[in-house]
Amino acid sequence: MTDYRSNIELAEVAAMIRRGGDGVLITTHAKPDGDAFGSVLALTVALHKAGQRATACLMPPVPAYLMQLRGAELVRVHQDGDTLVEPGLVVVLDTGAWAQLAPIRPQLEGWTDRTLIIDHHLNGDVPARWHYIDAQGAACCEIVAQLLDEMKLPFDPIVCEALYVGIASDTGWFRFSNTRPQTHELAARLLRQGVDHAELYRKIEQAERPEKLALLIRALDSLQLLADGRVAVMTLRAADFVETGAVDEETERFVDVPQAVTSVQMVVLITESPSATDGSGRADRPIRLSFRSKPGPGAINVARLAQRFGGGGHARAAGAKVDAPLEDVILQITEVLTAAVVEAQT
C-alpha cells in the first residue's frame, strides 16, 4: 500500500480542478454504489454547469436504479475495448485501489503523474501524484460537497440529488456508525434545496427485482454462525446466480442483514461470480469478500482483516478479492474471522 493520506489541501484541489488542463476525467471504482455514482455525477454536473470540460467514466456493472437518476445521461459506462481520451487531469473518487480500477488500469498507469485521488477510505495502492483523504467522512459525497463549496459552484437540483443518494447510501440511510453531525447537516441543506428524500428512497431501496429476493434467500440459507454466534458467514456460489437469474450487483446490502442478530459482531459475505468458473471448476474470476462489523466495545476493524486478503476499506465496512478456489477461501475466512472475534473479546 502507498502512504495513503492527504498531501494537498482542499483549496489546492479546487484550484487544480478549475485549471483542468485538457479536460478532467472523473471516475470511481468498478461496480459503483450510491456514493461512488453520486460523487462522480455531482462533480461532473457541477463542472459542466460551470462551462468546464469533464468526462465521467464508470465501470460496470452499474446498478440500473442508479442509471435512472437525473443526469445519468452524462455518465459513460466503460466497456472492454474502449479507449479513454487522454485528459489533463484524472480525478478518482471513492477509491485508491488498483483492484477496483482494473478495467481502466492499463491507461491510468500512464497518467498517475496527473491523477488526484479524493477518498474517505483507510488505504489504497494507486501511486497518484495527489491525494485528498478524509477518513472521517461518512461518504465521498461529503467531500465532494465541501469541494463544490470551495470552488463556489452552486448545487443545482441534479447535484443535490446525487449528493443525497451518496450520503444516504453509504450511511445505510443514516443508520450506520459512520453518520456524523456533518452528514445530517448536509442532508438538511439538500432537503431545504428541494430533494425529495422519500422519492429517492423509493427509487434506490424499493425498486428491486424478484430475482434479488430469490438470491437473498440463497444467501440466508447458507448462513453459518460461528464463535458462539458472534460471527456470521454467508456464501453465494455461481450456481445461485444462474438458478435464480440474479446478477452480481444485486448482492448489495446482503451483508448487513445478519447484523440484526444481537450476538453477531461481524459478518462476511463470500461471493463467487456467476461467471467465476469455466465449467471445469477452475476459477477465472476472483472470489469477492464483503466484511461488516458492529461498533462498540470490542469492535473489530474489518479494514485490517480485508488487508490480509489484499483489500481494504473502513473500520466497520471493507472488502477484498481473492484468486483461489471457493472452498479454500471459505475455510480460510472462517478461521481468520473466528480468531479475530475471540481476540477482540480478550
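The model is predicted, so to speak of local features a pLDDT of at least 70 is needed, side-chain atom pairs count only at pLDDT 80 or more, and totals for chains, interfaces and linings use all residues. Residues are numbered from 1 along each chain as its sequence is written, and side-chain values use heavy atoms, with hydrogens and water left out.

- Six strands form an open sheet in the order 3-2-1-4-5-6, with parallel pairing.
- Strand 3 (75–77) and strand 6 (130–133) are the edge strands, each pairing on one side only.
- From one strand to the next, the twist averages 20°.
- Helices (H or I, at least four residues) and strands (E, at least two) are DSSP runs, numbered from the N terminus, and two strands pair if DSSP finds at least two bridges between them.

**Strand 4 and its neighbours**
- Strand 4 (residues 89–93) pairs with strand 5 (residues 115–119) in the parallel sense over four bridges.
- Val92 has Ile117 as its bridge partner in strand 5, while Val90 stands opposite Thr115.
- Strand 1 also pairs with strand 4 in the parallel sense, over five bridges, and Thr27 has Val92 as its bridge partner there.

- Helix 1 (residues 10–19) lies across strand 1 (24–28), strand 4, strand 5 and strand 6.
- Helix 1 runs at about 130° to strand 5, with axes fitted to C-alpha atoms, for helices over the stretch in contact (heavy atoms within 4.5 Å), and angles from 0 to 180 degrees between N-to-C directions.
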